[in-house]
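Subject: Structure handover

Hi,

Please open it first, then read my notes below.

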Amino acid sequence: QVQLVESGGGAVQPGGSLRLSCTASGTIFSINTMRWYHQAPGKQRELVASITRALTRNYADSVKGRFTISRDNAKNTLYLQMNSLKPEDTAVYYCNADISTAWGRGVEGYWGQGTQVTVSS
């Protein structure tokens, strides 16, 4: 069993900052690429940022220069530092990870339960 648990969401004013965390636990052999998605009301889930095990990062154009994705492989934890937040960043944020649960076994995608981020004055 593998679980991803997010934390760090909340309400903040425009221009503010939040730091999201996502910790993987359970039977884990290795974690490859980890990602943050967000889903605003009435919209599809969108990729915000990704980071490989080798720390190669990619960002959606809408968050470049404002958000930073990072990970601590020793702690099986993913982070998203969000600065200069805008009302359009309001969404539920989900972490996603490609995880192998045993040597020689392929990876499967796992999702967290989501954490709400609300940016409003």
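Start with the core. The largest nonpolar core has 29 residues, and Trp36, Leu80, Met82 and Tyr93 touch the most other members. A nonpolar core here is a set of buried Ala, Val, Leu, Ile, Met, Phe, Trp, Tyr and Cys residues joined through side-chain atoms within 4.5 Å. Buried means under 20% relative accessible area, exposed over 50%, and partly exposed in between (1.4 Å probe, protein chains only).

At least two residues of this core come from each of β1 (2-7), β3 (18-26), β4 (30-39), β5 (46-51), β7 (67-72), β8 (77-82), β9 (91-100) and β11 (115-119). Strand β9 gives the most, with five residues. Strands (E, at least two residues) and helices (H or I, at least four) are DSSP runs, numbered from the N terminus.

Some ground rules. This is a predicted model: local features need pLDDT of at least 70, side-chain atom pairs count only at pLDDT 80 or more, and totals for chains, interfaces and linings use all residues. Residues are numbered from 1 along each chain as its sequence is written, and side-chain values use heavy atoms, with hydrogens and water left out.

Two residues in detail. Contact means heavy atoms within 4.5 Å. Setting aside neighbours within four places in sequence, Met82 is in contact with Gly16, Ser17, Leu18, Leu20, Arg66, Phe67, Tyr93 and Val117.

Cys95 sits in strand β9. Cys95 is buried, at a relative accessible area of 1%. Not counting residues up to four places away in sequence, Cys95 touches Leu4, Glu6, Cys22, Arg35, Trp36, Leu78, Tyr110, Trp111 and Gly112. Lys75 is 20 residues from Cys95 along the chain, and their C-alpha atoms are separated by 15 Å.

Now the whole chain. The protein chain has zero helices and 11 strands. Its radius of gyration is 14 Å, close to the 14 Å that the globule rule gives for 121 residues, so the chain is as compact as a globular protein of that length. That radius is taken over C-alpha atoms, and the rule is 2.2 Å times the number of residues to the power 0.38. The C-alpha trace spans about 50 × 25 × 25 Å along its principal axes.

Of the 121 residues, 43% count as buried. Among contacts between residues at least 6 apart in sequence, 54% join residues at least 24 apart.

Best regards
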